[in-house]
Amino acid sequence: MFKKIERIVKQSKTFVLTTHVNPDGDGLGSEIGLATFLKMKNKKVRIINTSDIPKQYQFLNSGKEIETYNAARHDRFIREADVIFVLDISVSKRLDRMQQVVMESPAKRICIDHHLDNDGLGHYNCVDEKSPATAELIYNFIKYFKGKPNLKIAQALYTSLITDTGGFRFNATRPTTHLIAAELLKLGVKPNDIYSNVFEQGNANVMKLLGRMLERLKPKNDGEMNWTYLDEQDFRETGTHRSDTEGFVDYTLKLEGSMMGVFFYETPEGHTKISLRSKGKVDVQKFARQFGGGGHMHASGITLKTPFQSTMNDMTAKLTDYYHKNYSKKSKKVA
Ligand SMILES: [Mn+2]
């Protein structure tokens with residue numbers, strides 16, 4: 001597939017790069033990495049995303065190369081581009097506000113991605129679902145091109161790797177991932193600079209919000225399931241946003257013996273958002289699917305348009321029951 005893409009790139013002049021709504025470190029790092037490489041090849045490149053860059057990734061955009069989509073400013077360029085690279089997704093719905101213009105553009109669409117879901121968004125698909133990050137594919141692509149990554153590319157791709165592998169701790173992390181990381185370090189990446197930019201941008205209000213969430217952690221099923229919540233009052237009193245809870249749910253698995261974690265929060269409409277995390281054989285996606293949610297076996301989410309307090313009580317009971325029936329050590333002893 002690299003061969004085909006190489007030919008297309010050689011024949012083309014103008015490129016749009018984009019990624020999914022609410023972009024993460026992998027999507028953004030892959031964009032900067034690939035854009036920088038294409039610019040070295042004297043291509044005309046614009047990175048246009050449907051969402052703003054989250055604060056912790058703004059250091060990647062010191063050159064102001066990543067733009068937030070605005071129809072008046074971007075539609076013409078998107079329609080006239082030779083190629084649209086879609087990074088870190090292969091499903092058009094996740095382009096959100098940009099979906100229509102991207103799908104209508106006569107440009108060749110190339111997906112570089114590591115997700116299983118694919119609705120035919122790309123005319124060309126460079127997808128490796130075994131790869132822990134899209135950035136691995138971008139790195140390999142640059143190498144295939146016999147390109148020499150510079151420090152900027154290295155920093156961008158390193159950001160992608162550490163975010164999508166959870167700091168090299170997820171099982172998808174493979175020998176290649178570390179070999180690529182090693183090459184990026186050789187190019188001058190300072191691991192703590194990247195780590196600090198991404199993970200040490202906390203603010204006091206968000207810490208207070210986290211404190212409330214942690215204080216309320218309650219064990220169920222002999223501590224194998226742990227759940228907690230934040231409601232409207234918590235966000236109001238701490239002056240925080242729902243988006244500030246990114247990563248909070250991970251704390252539910254930090255307790256010894258915790259196999260499944262549940263975090264509820266109240267949406268601005270008074271509805272219920274549930275984040276689920278699990279380990280080992282415990283499958284939270286199976287539970288989430290029954291309620292219209294989705295995700296992966298170990299990380300899923302559900303949004304319910306029903307009142308917060310009563311929904312939380314009801315769902316906690318259902319989750320406790322689900323865990324007990326399928327995974328609880330006690331129930332296995334009985335059986
Ligand atoms: Mn990714």
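**View 1. Strand E5 and its parallel partners.** Strand E5 (residues 108–113) is joined to E6 by 4 bridges, and the two strands run parallel. The model is a predicted one, in which local features need pLDDT of at least 70 and side-chain atom pairs count only at pLDDT 80 or more, whereas totals for chains, interfaces and linings use all residues. Residue numbers start from 1 along each chain as its sequence is written. Helices (H or I, at least four residues) and strands (E, at least two) are DSSP runs numbered from the N terminus, and two strands are said to pair if DSSP finds at least two bridges between them. Opposite Ile110 stands Tyr124 in E6, and opposite Cys111 stands Asn125 in E6. E4 is joined to E5 by 5 bridges, again with the strands running parallel, and Leu87 has Ile112 of E5 as its bridge partner. Of the 6 residues of E5, 5 are buried, so the strand is largely enclosed by the rest of the structure; a residue counts as buried if 20 or more other C-beta atoms, placed from the backbone, lie within 10 Å of its own, as exposed if there are 12 or fewer, and as partly exposed in between.

**View 2. The open sheet with parallel pairing.** Its 6 strands follow the order E3-E2-E1-E4-E5-E6. The edge strands, each pairing on one side only, are strand E3 (66–68) and strand E6 (124–127), and from one strand to the next the twist averages 25 degrees. Angles here run from 0 to 180 degrees between N-to-C directions, with axes taken as lines fitted to C-alpha atoms, for helices over the stretch in contact. Strand E1 (residues 14–19) pairs with strand E2 (residues 44–49) in the parallel sense over 4 bridges, and Phe15 stands opposite Val45 in E2. E2 and E3 also pair in the parallel sense, over 3 bridges, with Thr68 in E3 as the bridge partner of Asn49. E1, H2 and E2 make a right-handed β-α-β unit, as do E4, helix H4 (residues 99–104) and E5. A crossover is called right-handed if, with the strands pointing away from the viewer, the path from the first strand over the helix to the second runs clockwise.

**View 3. Helices H1 and H5 on the sheet.** Helix H1 (residues 2–11) lies across strand E4 (83–87), E5 and E6, and runs at about 130 degrees to E6. Helix H5 (residues 134–144) also packs on the sheet, where it touches E4, E5 and E6, and its direction makes about 115 degrees with that of E5. Contact between two residues requires that their C-beta atoms, placed from the backbone, lie within 7 Å. Glu136 belongs to helix H5 and counts as buried because it has 27 C-beta neighbours inside 10 Å. When neighbours within four places in sequence are left aside, Glu136 is in contact with Ser131, Thr176, Thr177 and Ile180.

**View 4. Helix H6, a mostly covered helix**. Helix H6 (residues 151–164) has 14 residues and reaches 20 Å from its first C-alpha to its last, close to the expected 20 Å, a span defined as 1.5 Å times one less than the number of residues. Of the 14 residues of H6, 12 are buried, among them Ile153, Leu157, Tyr158, Leu161 and Ile162. The buried residues of H6 pack against helix H2 (25–40), H5, helix H7 (175–186) and helix H8 (191–199). H6 is followed by Gly166, which has a positive phi, near 60 degrees.

View 5. The protein chain is divided into domain 1 (2–199) and domain 2 (204–334), with bounds that come from an automatic or database domain assignment. The centres of domain 1 and domain 2, taken over C-alpha atoms, are separated by 31 Å. An open sheet of 6 strands with mixed pairing has the order E7-E8-E9-E10-E12-E11. Strand E7 (218–220) and strand E11 (294–296) stand at its edges with a single partner strand each, so one side of each is left without a neighbour in the sheet. The twist in this sheet averages 20 degrees from one strand to the next. E7 pairs with strand E8 (residues 225–230) in the antiparallel sense over 3 bridges, and Asn226 in E8 is the bridge partner of Pro219. Helix H12 (residues 308–326) packs on the sheet, touching E7, E8, strand E9 (260–266), strand E10 (272–278) and strand E12 (299–304), and its direction makes about 170 degrees with that of E8.
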